[in-house]
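Colleague: Hi, I'm new to this one. Could you walk me through it?

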Amino acid sequence: MEILGVDIGGSGIKGALVNVEKGRLAGERHRIPTPQPATPEEVVKVVVEITQHFKWRGPIGCTFPAVIKHGVAYSAANVDKAWIGTNGEALLAKKTGFPVLLINDADAAGIAEMELGAGHGHQGLVIMLTFGTGIGSAVFYNGQLVPNTEFGHMEIRGKDAEDRAAERVRKAKDLSWKKWSERVNEFLKQMEIVFSPDLFIFGGGVSKKHDKYLYLLHTQADIKPAEMRNEAGIIGAAMAARSLL
Ligand code: BGC
């Protein structure tokens, strides 16, 4: 079965038809740059355009880089603040004309990886981390998601962890993989003190470059790269939208 997955990010909004049983894209991705400022109205217009591009008529799973409860955004770290308090799910459903499931981007990526990727079959505590514009997190205990964890905003050396160790920061500061890994190790150490996870899954833009840094990371827990790479979000959003059927 195919469902349209959409991934709303700080720089691009990407859509693709997803084969939800196989956990992979069923065709080409369509990407449109995120409008600036990324207000709810402008972002929703782009999602409508993506829906039309695929001539899609059916439920839509859509990620968003913020805390999402019952369709409403409760934060907006890397998008326009007008999102806070907006029921994005209701707005998207109204403008596209189809039922929409709106979910935090890292939670979506985690759902995909736990069901059909790097976390498949893993019990205990699994923490998925996505490194991109920010740092996203998704926590699973015995396969059950604990949503909206937001560990990227954990404070390290007086700053949000994502402002020291996101992929955006590595690129902007031209950090070597070794230097970036030192920052990531500090973050992981704090997470291990608090949560003692069994497995970390590394997703987002850095997942395909794992040979450059995984050997530099030191944790008690195992670390695996996301198998669906940067597409885990789109795939997981579509998988989560099965609940709308
Ligand atoms: C947001 C999270 C999001 C992460 C990755 C953070 O800044 O607060 O909700 O999951 O970025 O996009």
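Colleague: Great. What should I know before we start?

Modeller: This is a predicted model, so local features need pLDDT of at least 70 and side-chain atom pairs count only at pLDDT 80 or more, while totals for chains, interfaces and linings use all residues. Residues are numbered from 1 along each chain as its sequence is written, and side-chain values use heavy atoms, with hydrogens and water left out.

Colleague: What is the strand order in the open sheet?

Modeller: The order of its 5 strands is β11-β10-β9-β14-β15, with mixed pairing. Helices (H or I, at least four residues) and strands (E, at least two) are DSSP runs, numbered from the N terminus, and two strands pair if DSSP finds at least two bridges between them.

Colleague: And which are the edge strands?

Modeller: β11 (144-146) and β15, each of which pairs on one side only. From one strand to the next, the twist averages 25°.

Colleague: Which way do β10 and β11 pair?

Modeller: Strand β10 (residues 135-141) pairs with β11 in the antiparallel sense, over 3 bridges. There, tyrosine 141 stands opposite glutamine 144 in β11.

Colleague: Which helices pack on the sheet?

Modeller: One is helix α3 (residues 105-116), which touches β9, β10, β11 and β14 and has a direction at about 45° to that of β10. Helix α6 (residues 177-195) also packs on the sheet, touching β9, β10, β14 and β15, and its direction makes about 150° with that of β9. Contact here means heavy atoms within 4.5 Å; axes are lines fitted to C-alpha atoms, for helices over the stretch in contact, and angles run from 0 to 180 degrees between N-to-C directions.

Colleague: What are its bridges like?

Modeller: Strand β9 (residues 125-131) runs parallel to β14, joined by 6 bridges, with methionine 128 partnered by isoleucine 201. β14 also runs parallel to strand β15 (residues 222-225), with 4 bridges, and phenylalanine 200 has isoleucine 223 as its bridge partner.

Colleague: New topic: which residues surround the ligand?

Modeller: Among them are Pro65, Asn78, Asn104, Gly134 and Glu150; the cut-off is a heavy atom within 4 Å.

Colleague: Last one: is lysine 14 buried or exposed?

Modeller: Lysine 14 counts as buried, because its relative accessibility is 15%. This residue lies in strand β2 (residues 12-19), and its contacts, not counting residues up to four places away in sequence, include Asp7, Arg29, His30 and Ile234.

Colleague: And threonine 51?

Modeller: Threonine 51 sits in helix α1 (residues 40-53) and is buried, with a relative accessible area of 5%. Leaving out residues up to four places away in sequence, threonine 51 touches Leu4, Trp56, Ile60 and Thr96.

Notes
Buried < 20%, exposed > 50% of the residue type's maximum accessible area, 1.4 Å probe, protein only.
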